[in-house]
Amino acid sequence: MAIPDMTRPGPDAVEARLNYSDGTSRTVFTTDVEVPFPEGRLIVSRTDLAGVITHANDAFVEMSGWQRDELIGAPHHILRHPDMPAVAFKGLWDDVAAGKKWHGYVKNLRKDGSYYWVYATAVPNIRNGQIVGYTSVRRKPSRTRINELIPVYRQWLEQEKSPS
Ligand SMILES: Cc1cc2nc3c(=O)[nH]c(=O)nc-3n(C[C@H](O)[C@H](O)[C@H](O)COP(=O)(O)O)c2cc1C
């Protein structure tokens with residue numbers, strides 16, 4: 001499912017074109033407005049085997065800025081921020097598809113172009129010995145760790161844009 005291009009939220013927003021791994025692409029606009037992770041809450045979503053959202057809790061809906069009925073049935077890359085390197089998601093997919101748990105820091109894009117950081121734990125949902133989908137639970141991230149990871153992610157992204 002192709003997600004519609006974003007409309008520019010304001011004059012200072014930065015335009016980017018995202019090419020997703022399913023072959024679709026989308027124009028997004030990002031702002032430097034960060035929305036803090038809500039205290040005392042968990043942000044939860046579930047997907048099918050292809051990463052299409054099948055469940056979103058209230059905190060997920062509120063933080064993403066999308067309506068629940070816009071999220072259910074959409075690919076999870078609806079939240080992909082242009083500052084996130086592809087290799088971070090490759091690690092997630094390699095682990096959960098192999099039946100393993102994955103932890104990581106993710107900068108997520110909200111519908112309005114602002115962003116929020118999370119510390120995510122993604123796991124496969126296993127029924128009768130088969131992986132039937134995936135769940136991710138996000139907690140409040142460590143600011144120290146975010147500050148350590150920003151330059152690391154920037155470097156990975158640069159390498160992906162111009163591999164040497
Ligand atoms: C359970 C689960 C949760 C995910 N949560 C996020 C998320 O919060 N933000 C995000 O950008 N991608 C998330 N992803 C990864 C996306 O499916 C996707 O791989 C990523 O956004 C990069 O887009 P692309 O693979 O289409 O290039 C999640 C995947 C799974 C299986």
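Predicted model: local features only at pLDDT ≥ 70, side-chain atom pairs only at ≥ 80, totals over all residues.
**Overall fold**

The protein contains 4 helices and 7 strands. Along the sequence these elements follow the pattern β-β-β-β-α-α-α-β-β-β-α. The radius of gyration is 15 Å, which agrees with the value near 15 Å for a compact globule of 164 residues. Along the principal axes, the C-alpha atoms fill a box of roughly 50 × 40 × 35 Å. Of the 164 residues, 20% count as buried. Among contacts between residues at least 6 apart in sequence, 46% join residues at least 24 apart.

**The sheet**

Five strands form an open sheet in the order β4-β3-β7-β6-β5, with antiparallel pairing. Strands β4 (53-56) and β5 (102-109) stand at the edges; each has a single partner strand, so one side of each is left without a neighbour in the sheet. From one strand to the next, the twist averages 30 degrees. Helix α3 (residues 86-97) packs on this sheet and touches β5, β6 and β7. The direction of α3 makes about 135 degrees with that of β5.

Strands of a sheet pair through backbone hydrogen bonds, in either the parallel or the antiparallel sense.

| Strand pair | Sense | Bridges |
|---|---|---|
| β6 and β7 | antiparallel | 9 bridges |
| β3 and β7 | antiparallel | 5 bridges |
| β3 and β4 | antiparallel | 3 bridges |

Strand β6 covers residues 115-127 and β7 covers residues 130-139. On the β4 side, isoleucine 53 is the bridge partner of threonine 47. Strands β3 and β4 form a hairpin with 5 residues between them. Glycine 51 lies in the turn of this hairpin and has a positive phi of about 85 degrees.

**Around the ligand**

The ligand is surrounded by 20 residues, of which Tyr20, Gly51, His77, Arg80 and Ser136 are the closest. The elements that give two or more residues to this shell are β3 (43-47), α3, β5 and β7. By class, the shell has 9 nonpolar, 9 polar and 2 charged residues. Gly51, one of the closest residues to the ligand, is the glycine in the turn between β3 and β4. Helix α3, which packs on the sheet, is among the elements giving two or more residues to the shell.

Conventions:
Residues numbered from 1 in each chain as written. Rg over C-alpha atoms; globule rule 2.2 N^0.38 Å. Buried ≥ 20, exposed ≤ 12 C-beta atoms within 10 Å, placed from the backbone. Contact = placed C-beta atoms within 7 Å. Pairing = 2+ DSSP bridges. Axes fitted to C-alpha atoms, helices over the stretch in contact; angles between N-to-C directions. Near = placed C-beta within 6 Å. Nonpolar A, V, L, I, M, F, W, Y, C, P; charged D, E, K, R; others polar.
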